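Please keep the structure in view while reading.

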Amino acid sequence: IIRFPIYTILFKILPEKIWYSRTSFFYNVFPDIALFIASKNNIELNKKIVSVIKKSLNRNNSHANFTVPTIKCVYVLRMLGEHDQAKRSLNWIKERINKNGSVGYFSSEDVYETLLASLALVILGENVADVIKWLDSEMVGPGYPFISGSYVPDYDDTPLALIIKKLTNNLDEKAYDSLNFLLKSQRSDGGWPTYAYYTWKLDICLKILALFINALGFFFIKSRRMGYGPLMSVRTRRIYRSFVDMTARTLIALSYFKEEKRVRKAIAKGCKYLLRQYSDGKFQDVKALSSIGPPLRWVDSDFYETTLACVALLKNGYKTAEVDSAIKWMISQKIDAPEDAAYVLWALIEGNYPKELADRIVDIIISKQLPDGSWKPHVGISTSERESGRYMIGGEKIITVLDPIHSQAVPLYA
């Protein structure tokens, strides 16, 4: 397949923007394509490859703020003699090296963390007008997720930004672009993916192209196992499939717009997707992803997906037997991580469960707070700033609030 010219042909005929735009499906696969087609013998092709790589790199010289695609870009740049840019990107990679010698997968998500912290501040009554102005300047397309030049625009950002704009009465044209984006991005199974630009139309096109490549391989190279290559392999990447957490986040945002019929229709479809993911007290992606391998989890916690699913269902009026069962399961577990406790508390508040259940969770959160007012993450990959925001948000409700008289965190109930 490396010798086969299909990827070279695609790269030649498609404009550069198709390959470097953050809103393009081809953005994520470009580093793989560049490895396939880079050659010291084709000067014009190499010029276009170098141009696309430079335009696809973020301001911190990474590709999508992920280590592996950045390494691929560095390899191609060095092979094509672009040593200065390769060195700058290599320096970014070196910064990802951990103390134990391993290399981090990606670095901080500044937009996402800003959104979480801002949401906490909004709930506490603070003015975040400057933050909203900054976020608007970082949009990469109509309604599309935000990016500040340091990471790939994934799906986490838009629902959070939409909630902040709703709560601060800033529902401008851009906000409704975001709402339209969320509705159009819903998959046929009712869920929402990490990256929303993998549509059913694109899936059909890739299938046809895959058959075309294999047919040519059989007739010209006498091989039935051409391999789909990077473009085809994307079809099975789990980040393009529906996720419990991404679906739940979106449904939480949509709950603020239930007066619209089209929104209610999307909510009903999304809630049905979540309920299908319930099993033995938990909401997980195991069923949806069993056909393509073990579930991909962004957070290594048994509580994370389950609590978000419960919150999403409860905020949209689905206080079902599955939700009650999930709440009972969570309460019966030993909760050590403060971020797990925060999510469980959020679900308890949304469902108006007995106050005594919530008090125990509040005590866990308070006991884990650090002297500087933040919380240290105990689960998954995150930062102290991101976690601090999580403990203070709960839809439009405050989970904990600082009591200026007693200088301690106290639970707040309506």
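The term pLDDT denotes the predictor's confidence in each residue, on a scale from 0 to 100. The protein has an average pLDDT of 78, and 70% of the residues reach at least 70. This is a predicted model, in which local features need pLDDT of at least 70 and side-chain atom pairs count only at pLDDT 80 or more, while totals for chains, interfaces and linings use all residues. Residues are numbered from 1 along each chain as its sequence is written, and side-chain values use heavy atoms, with hydrogens and water left out.

Helices (H or I, at least four residues) and strands (E, at least two) are DSSP runs, numbered from the N terminus. Over residues 382-414, pLDDT stays under 50. Where pLDDT is low, the predicted coordinates should not be read in detail.

Attention now turns to the interior. A nonpolar core is a set of buried Ala, Val, Leu, Ile, Met, Phe, Trp, Tyr and Cys residues joined through side-chain atoms within 4.5 Å; buried means under 20% relative accessible area (1.4 Å probe, protein chains only). In the largest such core, which has 72 residues, L254 and I327 touch the most other members. Helix α18 (residues 338-350) supplies the largest share of this core, 9 residues. With residues up to four places away in sequence set aside, I327 is in contact (heavy atoms within 4.5 Å) with C310, A347, L348 and Y353. Of these, C310 is buried because its relative accessible area is 0%.

Terms used. Buried means under 20% relative accessible area, exposed over 50%, partly exposed in between (1.4 Å probe, protein chains only).
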